[in-house]
Amino acid sequence: MKTCKQCIMHSQIPYITINDEGLCSDCADFIAEQKKEHGLNLDNVQPKYTAKMESVFEKAKLQGRPYDALVLFSGGKDSTYLLYLASKKYGMRVLAFTMVYPTTKPQALENCNSVVTKLGIESMQIRPDEQMYRNYMGYSLVHGDKYGLDENAGCGSCSFIFRWYAMRVAMDFGIPVVLDGRDRAQFGGYLLKDGEELKQEMLSGNKPLEQLHDLFNDAMGEQYRNSIYGYNIEEIKTKHVPTVIAPFTFVDYDIESRSLQIIDELGLDRNKFLSIYTNCDGIYLFDYLMWHKFNCTTYHRSYAHGLRINLPTLSQLKTDRSQQNQEPELSREQIIQVLDEYKDALNYIVDNNITTKNVTPENKDALWQLMPLGIKVYGPQGISIFIERFLSVLEYADYFNLNLKDIVK
Ligand SMILES: [Zn+2]
């Protein structure tokens, strides 16, 4: 296994190669793209994309549709900020769209409800059928590789349900814009995709969420073909396709501190919006599987990209954020060590069959011992919360009907 000298990517991760200079393909692509498009100067990119986005917003408002924009809303801090920008800063009539998964944290749902109430906007919450969700996710966690899915297979497949449903809603209501709260580290580039272009691509045979449409079809079979999750090109021909924009991939809004500030301004408790309380716990199971498949985590690519562009990813998971808004990101070496400690902790839990119900004080001690840097970075309170969360690995495996011993040999 060869590891990139500048980031944390390595040769066991799907689609990653390391060149003779010791740089991974993502770092090499990143450097080439910076040189080619923007003369290495990020300052040129932001105004260009922002101007384009604002003109899309102005056109959307003139169309007189029931809603100017649909905002993908998870109840986390970033999508709260996005909803605020769309409705208050840009004055659009927005529909907040939330997928309430069986695995959604109660805190995230509570946040959704309090934010839309405070902002005075309408929201749509969809609860997918639980058995469908469990079967689909179980299938994708085992068979994701056959569809070219990389280490992000778990969250990627899960978000298909959310993203495709939202596209369908936007198409059916004629909503001209879909806003996505991912940042540049999460997305890996700039996202502003014109609806007309997107439609042409769809008509020429490219599905917007690529192989996830096929995976869903194969997992769920004929009876779901005409469901909202199905893909019918004849129907799409008759629809208006929305422009998809992820503003945080190109606008330097200082998302981290601005989003917490907006939450304060709305009179809400910022601690309830921190990623650690709103992110789904399924991630620990996904990560356990990916450590064994590709020797990396679900979000390795994001942590690496965060490192490249100096955006905090792992330091966002700190629990006590009352004092400082902006945390510096960890160094490359610290990220590698924190992730290795995390891997050891997950392995210890699964190897010893530990769950929230049977965990002993000795087990907890052993887990603490495995994470010395983690304790320094996240503090004792943070690590206690992490350990409680990690202990859901086997429960989630049961939930998706997976036998980890069979999958991981
Ligand atoms: Zn690299």
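Trainee: How do strand 2 and strand 3 pair, and over how many bridges?
Mentor: In this predicted model, strand 2 (residues 94-99) and strand 3 (residues 122-126) run in the parallel sense and are joined over five bridges.

Trainee: What kind of unit do strand 2, helix 4 and strand 3 make?
Mentor: Together with helix 4 (residues 106-119), strand 2 and strand 3 make a β-α-β unit that is right-handed.

Trainee: And what about strand 1 and strand 2, how many bridges do they have?
Mentor: Strand 1 (residues 69-72) pairs with strand 2 in the parallel sense over four bridges; leucine 70 has leucine 95 of strand 2 as its bridge partner, while alanine 69 has valine 94 of strand 2. The chain passes from strand 1 through helix 3 to strand 2, and that β-α-β crossover is right-handed.

Trainee: Is strand 2 buried or exposed?
Mentor: Six of the six residues of strand 2 are buried, so the rest of the structure largely encloses this strand. Val94, Ala96 and Thr98 point one way, whereas Leu95, Phe97 and Met99 point the other way, and all are buried.

Trainee: What is the strand order in the sheet?
Mentor: The sheet is open and has six strands in the order 3-2-1-4-6-5, with mixed pairing. Its edge strands are strand 3 and strand 5 (191-193), each of which pairs on one side only. On average, neighbouring strands of this sheet are turned by 20 degrees against each other, with direction ignored.

Trainee: Changing topic to the helices, at what angle do helix 3 and helix 11 cross?
Mentor: The axes of helix 3 (residues 77-89) and helix 11 (residues 255-265) cross at roughly 70 degrees and come within 9 Å, which means that helix 3 is roughly perpendicular to helix 11. The contact is made by Lys77, Asp78, Thr80, Tyr81 and Tyr84 of helix 3, together with Ile255, Arg258, Ser259, Leu260, Ile262 and Ile263 of helix 11.

Trainee: Why does lysine 118 count as partly exposed?
Mentor: Lysine 118 counts as partly exposed because it has 15 C-beta neighbours inside 10 Å.

Trainee: On backbone angles, what is phi of tyrosine 15?
Mentor: Phi of tyrosine 15 is near 65 degrees, a positive value in a residue other than glycine, and for context, most residues other than glycine have a negative phi. Tyrosine 15 sits in the segment before helix 1 (25-38), and it counts as exposed because it has 11 C-beta neighbours inside 10 Å.

Trainee: Where does asparagine 295 lie?
Mentor: Asparagine 295 lies in the loop between helix 13 (282-294) and helix 14 (300-309). Its phi is near 55 degrees, also a positive value in a residue other than glycine, and with 15 C-beta neighbours inside 10 Å asparagine 295 counts as partly exposed.

Trainee: Last one, how is the protein chain divided into domains?
Mentor: The protein chain is divided into domain 1 (1-40), domain 2 (43-249) and domain 3 (281-407), and the C-alpha centres of domain 1 and domain 2 lie 29 Å apart.

Notes:
Residues numbered from 1 in each chain as written. Predicted model: local features only at pLDDT ≥ 70, side-chain atom pairs only at ≥ 80, totals over all residues. Helix = DSSP H or I, 4+ residues; strand = E, 2+ residues; numbered from the N terminus. Buried ≥ 20, exposed ≤ 12 C-beta atoms within 10 Å, placed from the backbone. Domains from an automatic or database assignment. Pairing = 2+ DSSP bridges. Right-handed = clockwise from strand over helix to strand, strands pointing away. Axes fitted to C-alpha atoms, helices over the stretch in contact; angles between N-to-C directions. Parallel < 35°, antiparallel > 145°, perpendicular 65-115°, else oblique. Contact = placed C-beta atoms within 7 Å.
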